[in-house]
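Subject: Structure handover

Hello,

Here is the structure for you to take over. Please keep it open while you read the notes below.

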Amino acid sequence: MVNPRLVLVLGDQLTPRIAALRSADPARDIVVMAEVAAEAESVRHHPQKIALIFTAMRKHAARLEKHGWRVLYSRLDDARNSQSLVGELLRRAAETGAQEVIATRPGEWRVIHDLEAAPLPVSLLADDRFICSEAEFAVWAEGRTQLRMEHFYREMRRRTGLLMEGTKPAGGHWNFDAENRKPAQPDLFRAAPLRFPPDAVTEEVLEAVEHRFPRHFGSLRPFGWATDPDQAEQALAHFLRQSLPRFGDEQDAMLSGDPTLSHALISPSLNLGLLDPMEVCRRAEAEWRAGRAPLNAVEGFIRQILGWREFIRGIWSLAGPGYPASNALDHHRPLPPLYWGSETRMRCLSQVVAQTRDMAYAHHIQRLMVTGNFALLAGLDPADVHDWYLSVYADALEWVEAPNTIGMSQFADGGMVGSKPYAASGAYINRMSDYCGGCAYDVTDRSSPNACPFNPLYWHFLSRHRERFARNPRMTPIYRNWDRMDAGQRTAILDRAGDILARLEVGETV
Ligand code: FAD
Ligand code: DLZ
Ligand code: SF4
C-alpha cells in the first residue's frame, strides 16, 4: 500500500480549489488543518480575527469531509496539540505513517521559512488564487526602473478584458478619480454592510477565544463577519446592489458614527479564500453593464482589486523576506499607547482606533491618512507599525498588510510601492471628514499649543527628510511653500513639533 501524503491547508487557504488539494488524491491523502497558538500569538491578533479564522477553518474542514476528504483537524484546546504548524505536521505524520507534505505557499515569509526548514519533505505549490501569478508579475516588473500600480493596472485591464471596449477602456478613461473622492455627507439611507449573527460553530469558537486570549487588544463581540462561502456571497451580493453605486463618490471619505460608508467589507473573505477576486470583479462589471451602478463607482472598485490588491501581492513576492524589516527613513520612535486605545485629544485618531478596537475594521483612507499618516509624520518605527496593522485588522495577512504598511503608508521601502510618501497635514483630514469639528485641537493652527498635531508634524517630517524628497517633482512646490514662510514661523512650527515628539517619546497624551 502507498503511504498517504499530508495536505496542509492553512487558515487563509479555505477554498476547495487551493493548489495543494488540487494536486492531492482524496483516496490516498490526508488533509491537516491546525488551530495553533504559534500562529494566533505570532502577533497579538485581534480576538475577532482569531475567531473569524478558526470558525472559517472549522466550517471548511466540515465541507471537505463532506466531499470525501479525510481531515485531521487540531482544535486549539486539544490536549495533544503541539501548538505549532510544523509540530502538528510531525505529529500527524507519526500517527499516519505519512512521509511527505503537500502545501500551498503561505503568504507570510516566517511561515514559508518554517515549512522549508521542517524535518520532513514539504512541497510548496504556487498559490494561484490571484489574477496575476507571481511569475507573471516578475516578468512585468523585469527591467522597469519604477513599479507603478497605474501601469500594472492598465496591463491587467487589457489582459482580463475587464471594463474594456475592444482595446479602449470603457468610457474612454482608465480612471474616474476626478468624479470620485468626495467628502462624505451624513445620510440616513446609506445601507449598512450585511453582518451575520453567530451560529453554533461561531459561538463555540467565540467562547474559546474569549477564554484563551482575554488580553489581546479588541472587542470580540459583536461578531458579524462572514465565515463561510455562502455568507461571503450574501455579503457581496448585498454590497453590489446597495453600496457599489456610491462606492466611487465615498471611497476616500470619513465620517464619525459611520465607520463603513459605502465600502464592501469583503477583504477578510477574499483573503481567506471564501471569495474569488476575479469573480468579484466580473460581478461588479456586470452591475455596470446592467445599468445598476455607474462607471466611476465600478471602475474605482475594480481598480482596488484588479489593480491595488494584485499589485501589492506582486510587490510582496518580488521584494522577499527582508521587506517587512525595511526602514528607509530611519524612523525609530516606539508606537505610542494611543494606538492601543489610551487617551488622545486627537479626535480623528481616537475615532479610528476605537472603531478598530470594536470592529477589527477601518477602511483604506482611515488606515492610510489617519493612523498611517500620523505614524509616518511622528517617525514611528515601521516594524512596530507593521506589527500593529498585522494584529488589529480582520483582513491582515503579511502579503497584503506589509506592502500597504511598510511601502504605501510608511515609505519604509524607499519608494517601491509609491512614488511619494502619503504625508498630509490636518487640512486633508478636515476636507475628507467631519472629525475636526469636534476636536480639542484647531485644524487651522500650525504652531500654538492648540495646533492640530498633524500640522507641525507634517512640516517637521518634510524638513527632516528634505534631502530625500525636495527633488521629487511632485514635492518641490511644497518645499517652495515652506521656504516662503518667514523664519520665525518656521521655527515656531518646528518647536511645536519637537514638543509633540517629546511627549510621544515619554508616553504622554497628545
Ligand atoms: P473596499 O474599500 O470596499 O475595497 C474593495 C476591496 O479592494 C477590498 O476588500 C480589498 O480586497 C481591495 N483593496 C482595496 N485597497 C487595497 C489595497 N491597498 N491593497 C490590497 N487590496 C486592496 N488590506 C487587506 O486586505 N489586508 C491588510 O492587512 C491591509 N492592511 C493595510 C494597511 C494599511 C496601512 C493600508 C493603508 C491599507 C491596508 N489594506 C489592507 C488595504 C485596504 O485598507 C483594505 O483592503 C480595505 O480597507 C478593506 O476593506 P473593504 O473590504 O471594505 O474594502
Ligand atoms: C493568522 C492566523 C491565525 C491567527 N491562526 C492560524 C492558525 O491557527 N492556523 C493556521 O493555519 N493559520 C493561522 N493564521 C494564518 C497564518 O498565521 C499565516 O499568516 C497564513 O497562513 C499565511 O498565509
Ligand atoms: Fe485630527 Fe487635527 Fe482634525 Fe483633530 S484637528 S481631528 S487632530 S486632523
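The shell around ligand 3 in this predicted model divides into 10 nonpolar residues, no polar ones and 1 charged. Here Ala, Val, Leu, Ile, Met, Phe, Trp, Tyr, Cys and Pro count as nonpolar, Asp, Glu, Lys and Arg as charged, and the others, Gly among them, as polar. The shell residues are Met346, Arg347, Cys348, Ile429, Tyr435, Cys436, Cys439, Tyr441, Val443, Cys452 and Phe454. A residue is near a molecule or strand if one of its heavy atoms lies within 4 Å of it.

Two conventions before the rest. Residues are numbered from 1 along each chain as its sequence is written, chains are lettered from A and ligands numbered from 1 in the order in which they are written.

Ligand 1

This ligand is surrounded by 30 residues, and the closest are His263, Ala264, Leu265, Tyr361 and Asn404. Its shell divides into 17 nonpolar, 9 polar and 4 charged residues. Now the polar contacts (pairs of N or O atoms within 3.5 Å; within protein, one must be able to donate a hydrogen and the other to accept it, and residues adjacent in sequence count only if both atoms are side-chain atoms). An N or O atom in the side chain of His263 is 2.7 Å from an oxygen atom of ligand 1. For the side chain of Asn271, the distance to an oxygen atom of ligand 1 is 2.9 Å. A nitrogen atom of ligand 1 lies 2.9 Å from a polar side-chain atom of Asn404. The protein buries 99% of the 810 Å² that ligand 1 exposes when taken alone. Accessible areas come from the Shrake-Rupley method with a 1.4 Å probe; for residues, only the protein chains shown count as cover.

Ligand 2

Of 17 residues around ligand 2, Asp12, Ala34, Glu39, Gly107 and Glu108 come nearest. A polar side-chain atom of Asp12 is 2.6 Å from an oxygen atom of ligand 2. A polar backbone atom of Ala34 lies 2.8 Å from a nitrogen atom of the ligand, and one of Gly107 lies 2.7 Å from an oxygen atom. Ligand 2 has 490 Å² of accessible area on its own, and the protein covers 99% of that.

The sheet

An open sheet is formed by 5 strands in the order β3-β2-β1-β4-β5, with parallel pairing. Strands (E, at least two residues) and helices (H or I, at least four) are DSSP runs, numbered from the N terminus. Two strands pair if DSSP finds at least two bridges between them. β3 (70-74) and β5 (122-125) stand at the edges with a single partner strand each, so one side of each has no neighbour in the sheet. Strand β2 (residues 30-34) pairs with β3 over 5 bridges. Ala34 stands opposite Ser74 in β3.

Backbone notes

Most residues other than glycine have a negative phi, and most peptide bonds are trans. Arg221 and Pro222 are joined by a cis peptide bond, with omega about 0°. Pro222 lies in the loop between α8 (200-212) and α9 (229-242). Leu261 is not a glycine, yet has a positive phi of about 45°.

Regards

Terms used
Predicted model: local features only at pLDDT ≥ 70, side-chain atom pairs only at ≥ 80, totals over all residues. Heavy atoms only, no water.
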